[in-house]
Amino acid sequence: MYSHGSESLIKQAREIQEPELQRFHSRLVKLLQGKELGHEAVDSLQRLHIILSATKYTRTLPPELQKSLQSLLSSPAEQFQVLSSAVLRETLPLSGQEENYCQENFIQLNNHAAALVLSQAGSRAELSSLCAQLLRSLEGRQSEGPATSLTHILPILNTILTHSPESLTEDHVTLMSKKLVDWLRYASITQGGSAPSGGFFTGPRPRQPVPIAELDGTVSGDFFTVLCVGQSFTEDQWLNVYSFSMLRHWLLTYRCVSNGNNTADTDDRSEVDGSVVSMVSATSSSSRLLPPKERLREKAFQYCQRLIEQSDRKAHKKTDTDLQKACLVEAVCILDSVCGEDASLVFRAFPCIKALFGRLSSDLSFARVLLPIAQFYLNHGEMAAVDCESVWNLVFGRFPAELFDHQFLAHEFLRFIRLNLESLQLRVPQYPHSFPNLLKFLAWDSPAVVDDFVDLLPSLVTAGTAVELLHTLLDLPCLSATLVLQVRSTCLPISEPSGRGLLSLDAFRSQSFRGLFLFLLRGEAGSGDTIDRLSTLHEMLTETADWPRVVQCAQTVPVLLHIFFNTVIAIADQKLLAHLVQVMLERSTLLLNIPKYNKEIHRVFSRHLLLLCKLHPSVVVDQSHELLEFAGATANVYSKEEIYTHVVWVLGEYLSVSCDSRCSVMLITSCFETLEAVLFEITSSAPPPGADCPVPRAVTSLMSALAKLASRSHDLIPRVSLFLSKLRTVTRGGPVAWCSDEEDLVAIVTRGEELWSLLKAPGVAQSVLTPPQPVTTPQWHRDTNVALPLQLRALTNLTHSQ
């Protein structure tokens with residue numbers, strides 16, 4: 001928080017008394033009325049700002065001080081502009097002076113005064129009035145005011161569009177559209193020159209007007225744009241630049257304006273109110289009779305086409321090359337916007353866009369330009385009946401494969417997908433199969449893009465991609481390590497401080513293992529579900545398990561797996577779900593050894609195995625062989641207790657004729673014998689070296705599963721009862737090797753006695769351990785005979801006082 005000194009100043013500011021504050025105001029007024037303002041004035045203004053901002057109440061300053069601060073807004077020293085604007089924003093304007101203040105300061109407007117003017121508009125009506133005043137100030141000729149006035153009005157209008165577009169009326173839209181047409185299309189084509197310093201005879205002879213040049217140095221032969229260069233610019237040229245910077249925002253915003261107060265004249269006189277060039281061009285313009293909005297679209301279209309033509313010129317400076325790229329992004333976005341409003345422009349724009357894509361597609365340094373081009377193809381390609389396959393192959397192929405480490409591009413690329421998710425699913429067949437490429441962004445920089453993939457992952461889950469996508473998510477830490485190795489392999493060999501080289505980097509460069517890494521780096525799905533030598537790959541990447549990128553990537557996998565299973569359960573059939581159960585059992589062993597990673601994955605598998613089997617109990621019979629093979633491995637009790645416990649539970653719960661008619665006595669007996677052998681083995685010997693004792697939950701789950709299976713095949717009851725009785729006698733002899741905690745042992749024995757007592761009455765045991773469906777899924781709210789006593793008890797509790 002604040003330092004001790006800052007807290008002391010704030011405390012003093014809050015505790016200042018009114019008489020002392022008034023004396024301070026009087027001293028400050030006298031100080032500001034002086035001819036020169038120095039450090040004392042700066043310190044006093046800073047102190048006043050602390051006093052005003054340290055309390056939650058808005059204060060009113062004396063009128064003399066308020067007017068002195070307002071006059072400082074036009075001070076030549078920016079420091080006083082900043083301080084006076086900050087102070088005035090903490091105060092209430094003088095009563096009745098809000099509009100007068102705004103009108104008086106349009107001429108001397110600057111950035112800091114603009115922030116103050118905007119902050120004092122407290123309602124939509126005031127903002128609408130402010131818009132009207134700003135636009136009226138634009139109606140006069142540019143030569144009537146100082147050169148800086150109009151260029152500060154446009155940012156205010158742009159801010160109003162951002163925060164309150166509904167404050168604009170149709171009249172405002174019409175007037176602003178007319179002005180933008182003039183500024184965009186009819187700016188001067190000669191460079192600005194400085195005025196002579198002396199009189200006509202004493203001053204130097206004025207130089208002849210110099211034409212504006214292109215970025216490659218040639219003389220410009222067309223109208224002025226933001227990509228024209230010169231020694232200095234005129235006012236209308238600066239307005240051209242400002243207008244282009246806010247054009248796309250304006251085109252997107254004025255659609256929201258209601259048509260309620262449309263009193264504007266559709267005749268356009270704006271083109272003859274500007275420069276001489278405007279007057280000449282207006283008479284020959286084919287768009288002369290178009291309404292203002294349509295005329296603005298036409299001029300914006302022409303402007304953007306000229307920018308695209310200018311971007312093909314070779315710039316002399318790198319900064320100009322970056323400017324070309326930025327302008328191309330904006331130009332393509334504006335073309336996309338105007339084509340969205342007027343479909344007839346699509347056929348005029350596509351040849352230009354197609355040629356631009358052909359020119360830039362081989363150079364990925366223009367990737368930020370190619371994304372808006374892809375957006376244009378997505379929005380209008382179907383109407384123009386053009387082939388978009390080359391665009392999608394580039395966007396979903398080379399972009400993630402080669403630019404995965406460009407953080408800003410990753411943000412824009414994933415934003416493009418999120419904004420167009422529905423259209424991409426319908427129109428781009430490559431999209432759902434591109435997840436191996438898209439996940440490279442996540443593998444490289446998980447914290448920055450995990451939120452994007454939380455939203456995108458459900459759209460990548462289909463019946464055809466589910467199995468491969470599950471494998472890919474589980475191998476995501478391996479992909480992260482591989483990307484790091486790919487980047488490192490292009491540099492000099494990297495060695496550890498001890499001098500030993502990275503074995504994983506040597507393996508990455510080795511031809512023997514090249515196929516394993518190439519599979520991880522594949523660009524699209526369909527080349528196989530997973531790697532045959534996955535354990536070999538994990539062994540080679542052992543040293544990468546503590547790399548920061550790999551660890552961060554591993555932390556995101558459980559979150560994505562939850563989303564994956566929640567999605568796949570809703571769309572998959574029983575055959576696919578059975579396959580996914582098999583994958584979960586296989587991959588529970590084949591995971592990169594990262595601390596806590598395996599346990600987290602097992603926890604996710606366990607949870608969704610239960611949900612999946614609950615929704616589709618027949619899956620247990622479909623995958624009974626794989627489930628029994630997993631449950632019959634005693635080593636799984638010690639290394640995978642979480643998922644092992646749940647596998648045993650689903651076997652005991654759903655291996656029943658009531659869940660699937662295919663469940664035979666032979667299958668129940670086979671499952672019983674498998675679980676019986678494991679339970680006998682873990683309760684008759686100490687755990688293997690290096691392993692902990694089995695968790696009590698695993699032991700009790702095995703006991704419960706055996707009891708459930710025996711209740712469905714009564715021939716097995718004596719075998720379970722014999723084991724449970726032996727368990728009770730064994731534990732009476734003292735501590736046992738397979739359970740180190742006395743309380744856990746007591747709990748296990750207690751559970752065994754409960755099951756043993758139930759099995760003495762087979763009919764009761766079956767009802768308790770395998771209850772019928774009406775008991776497990778009651779519908780009391782639909783049964784009036786059952787619900788009536790509940791209603792009577794509820795009414796009794798309400799009518800009788802407690």
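Residues are numbered from 1 along each chain as its sequence is written, and side-chain values use heavy atoms, with hydrogens and water left out. In this predicted model, local features need pLDDT of at least 70 and side-chain atom pairs count only at pLDDT 80 or more, while totals for chains, interfaces and linings use all residues.

The secondary structure of the chain consists of 40 helices and zero strands. Helices (H or I, at least four residues) and strands (E, at least two) are DSSP runs, numbered from the N terminus. The chain has 802 residues, of which 48% count as buried. Buried means under 20% relative accessible area, exposed over 50%, and partly exposed in between (1.4 Å probe, protein chains only). Among contacts with a separation of 6 or more, 75% join residues 24 or more positions apart, where contact means heavy atoms within 4.5 Å.

Helix α20 (residues 435–444) is mostly covered, with 10 of its 10 residues buried. Among these buried residues are Phe435, Phe441 and Trp444, and also Asn437 and Lys440. The buried residues of α20 pack against α17 (389–403), α18, α21 (446–460), α22, α23 (476–489) and α27 (548–571).

Empty space was examined next. Rolling a probe the size of a water molecule over the atoms shows where empty space is left. On a 1 Å grid over the protein atoms alone, a cavity is a set of points where a 1.4 Å probe fits but cannot get out, and a pocket is an open set with protein on both sides within 12 Å along at least five of seven lines; lining residues have an atom within 4 Å of a point. Grid points are joined across faces, edges and corners, and a volume is the space filled by probe spheres set on the points.

The largest pocket holds about 750 Å³ of space. It is lined by 22 residues, and the closest to its centre are Arg248, Cys333, Pro372, Gln375 and Arg415. Helices α11 (235–253), α14 (318–341), α16 (367–384) and α18 (407–419) each supply at least two residues of this pocket's lining. The largest share, eight residues, comes from α14. By class, the lining of the largest pocket has 11 nonpolar, four polar and seven charged residues. Ala, Val, Leu, Ile, Met, Phe, Trp, Tyr, Cys and Pro count as nonpolar, Asp, Glu, Lys and Arg as charged, and the others, Gly among them, as polar.

The structure also holds four cavities of 30 Å³ or more, and the largest cavity has a volume of about 60 Å³. Its lining includes His471, Asp475, Phe519 and Arg522. Helices α22 (466–474) and α25 (514–520) each supply at least two residues of that lining, which has three nonpolar, three polar and three charged residues.

Tyr377 lies in helix α16 and counts as buried because its relative accessibility is 4%. Leaving aside neighbours within four places in sequence, Tyr377 is in contact with residues including Phe350, Phe357, Asp387 and Val391. The C-alpha atoms of Tyr377 and Asp387, 10 residues apart along the chain, are separated by 9.1 Å. Ala385 lies in the loop between α16 and α17. This residue has a positive phi of about 55 degrees although it is not a glycine, and at 67% relative accessibility Ala385 counts as exposed.

Ser84, in helix α5 (residues 78–89), is buried, with a relative accessible area of 0%. Gln191, in the loop between α10 (170–185) and α11, counts as buried at 17% relative accessibility.
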